[in-house]
2 protein chains.
Amino acid sequence: MVNLDDVAKLAQVSPATVSRALSRPEMVAEATRKRILQAAQELGYQPNQLARSLRQRSSQTLGLIITDILNPFHATLAKGVQDAAEKHNYTVFLFNTDEDPEKERRALNVLRGHQPRGLLIVPSPQAKENLKLVTKLPIVELDRTSGTPGIRTVMVDNVGGARKAVQHLIDLGHRRIGMIVGRLDISTAVERLQGYREALQAAGIPYDETLVRLGNHREADGRAAAQALLSMPPDKRPTALFVGNNEMTVGAVLALREMGIRIPQELSVVGFDDSRWAATIEPALTVVAQPTYELGFLACETLLSSLSRGQDTLPTSIRLDTSFILRESTAPPGGRKNGLKKRRQS
Amino acid sequence: MVNLDDVAKLAQVSPATVSRALSRPEMVAEATRKRILQAAQELGYQPNQLARSLRQRSSQTLGLIITDILNPFHATLAKGVQDAAEKHNYTVFLFNTDEDPEKERRALNVLRGHQPRGLLIVPSPQAKENLKLVTKLPIVELDRTSGTPGIRTVMVDNVGGARKAVQHLIDLGHRRIGMIVGRLDISTAVERLQGYREALQAAGIPYDETLVRLGNHREADGRAAAQALLSMPPDKRPTALFVGNNEMTVGAVLALREMGIRIPQELSVVGFDDSRWAATIEPALTVVAQPTYELGFLACETLLSSLSRGQDTLPTSIRLDTSFILRESTAPPGGRKNGLKKRRQS
DNA sequence: TTGAAAGCGCTAACAT
DNA sequence: ATGTTAGCGCTTTCAA
């Protein structure tokens, strides 16, 4: 590999001058700088970041830990982070935890070895414990929070989003509204459940725990939960369903399809998180949409700006708004049709 | 940060011994090793990979360059690569090129600075030129090839996959079969087009270039191409459509929907690359499915084994088989129904 | 089996 | 404005 010394020799200067010409051009005379740049170009020189980072005791890399890259939501998050990082000349190490705290722990340790400048993480259920491994690192949590005090977070207004969704169902006349919610050791699930409860309460509808099913965020969980809810006696079962995340929504909808339950005639459905699938399935799904890309981008910007501004910035918690997208999967209970026209509403 | 010296002091040995205890345990006496491990544990020591890689002149990192992480196909590829890399204790740098050769060039340069041990790349159209930047690096191309001689590739049997798809349409009785194909400077597009032509030829159907439309892999391109094809006069327009990649298939299907053209009664459709969307849309799409995860995993395994076995391995080109999945989007021309039952066939 | 010493490629004092 | 020198944290001769 061609290194600083090679360039220095070709340009007939000392290695230090080459280093300066590349990193602090203003410290080097115009002519020498040109000569050096020319030499570097000629040799195809690329600075060794390993050496540079070792010496500066600070790298131009970030760690990104998400729970499932196959989930379009997370892929979009990753893209947002990537783009922001690239804009600031940072390179990102990507890790997947599959929601497994043990994989998260390993990822954190590996990451530690690579001396990243900061960390963006969608925390697993046990992240609070795991994050003790990297206390020295500037961290931003995105999408959800581990509850670790003093950590910056960039999230969506889950409570408000859920409230809007359930409010919509109530407005249509539903009283028995089911919810499929994620694991309660994950903050988004807790918050969306809270939004559900708030909407019910505001409408004076008592909370009925038999209508709320827990799932582990996966398609299969949504499927099982929907089956359980819909096998309740007709007068007890929900007439509408609010599903707490995208994958479980898929499972629920497919289960309903298999059971021959028509949406929205027999059951109204609202999902959390939009996707192409939700928009183009039959019937098109009414959802609470999240600014996913922006979430990732902003989280990364937040991290980077806290790096450059030093430690003095207060741990901020950013909440982005969701938007409610009305499509064709909801109708008044009992089956009168509704919503054949598409429209949006904030 | 706690370093080797700290551990050495605590364990009352020299730094060299600590290094050995960690990297070549067999070179250190049982007792000392235990003491050292204990000390390392106590201090929460994590080796600095930057220093280690610098010294060894070889890192435990890989570069992965894909063209679009938002495309589930690429996300799945990335997951396969990740999993294989993790299994062998490698960490991966992820880059997105968005099919932009300039972004690819930048990614390659940045990557070079981080001294990865090898590179996995889904090459952009100008990769052949760009890859000259990293001639020293062991490379595996996946999904498609840049045509650079001597480079290992892990791809799918695109010709065979396309042939099966078109053969199926021919068997149903179609003669005017349209194809929406990707940019012809991308190998997968060329190969899939070739499979299309081979199937036609084998059936004695002349190749009609007005039935073949080029697109740039995006949903919008599939949409435009489908609109163009279907606005041909009824006696000239295709009765069946083979679409060369997943995103364009989405566009084509949505365009057909908007035009009110019923699938498969008025037009049969076969896509390349399966997805949840394809499987659950109405009607469920008949597709050529790819072993995507395996493609990524295998590509990474191939790269890593070539690293450990040294340079002597021959540049291998691996082809994985596709599988044809018959669902509900194809029928004989003229509208007789078919394929309401789902089944698979290799 | 262990330690001393050199050096990977770079940057940052400190000198000139 | 440029050069000299030391050292980031680690591994690897070489010597004991």
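Guide: The domain assignment, which is automatic or from a database, gives chain A domain 1 (4-43), domain 2 (54-157 + 293-320) and domain 3 (158-290 + 323-345). This is a predicted model, in which local features need pLDDT of at least 70 and side-chain atom pairs count only at pLDDT 80 or more, while totals for chains, interfaces and linings use all residues. Residues are numbered from 1 along each chain as its sequence is written, chains are lettered from A and ligands numbered from 1 in the order in which they are written, and side-chain values use heavy atoms, with hydrogens and water left out.

Now to the meeting place itself, where 46 residues of chain B are in contact with 46 residues of chain A, contact meaning heavy atoms within 4.5 Å. Between them the two chains bury about 4,300 Å², and carbon and sulfur atoms give 57% of that area; buried area is the accessible area (1.4 Å probe) that two parts lose on being put together, summed over both. Of the area that chain B buries against chain A, 16% is supplied by Leu50(B), Lys79(B) and Arg276(B), more than by any other three residues.

Charged side chains also pair up across this boundary, with a count of 8 salt bridges between chain B and chain A, where a salt bridge is a side-chain nitrogen of Lys or Arg within 4 Å of a carboxyl oxygen of Asp or Glu. In one of them Glu219(B) is paired with Arg276(A), and the closest N and O atoms are 2.9 Å apart.

The elements that give two or more residues to the side of chain B that touches chain A are helix 4 (49-56), helix 5 (72-87), strand 2 (91-96), helix 6 (101-113), helix 11 (246-259) and helix 12 (276-280) of chain B. Here helices (H or I, at least four residues) and strands (E, at least two) are DSSP runs, numbered from the N terminus. Helix 5 of chain B gives the most to this side, with 7 residues. By type, the residues on the side of chain B that touches chain A divide into 19 nonpolar, 15 polar and 12 charged, with Ala, Val, Leu, Ile, Met, Phe, Trp, Tyr, Cys and Pro counted as nonpolar, Asp, Glu, Lys and Arg as charged, and the others, Gly among them, as polar.
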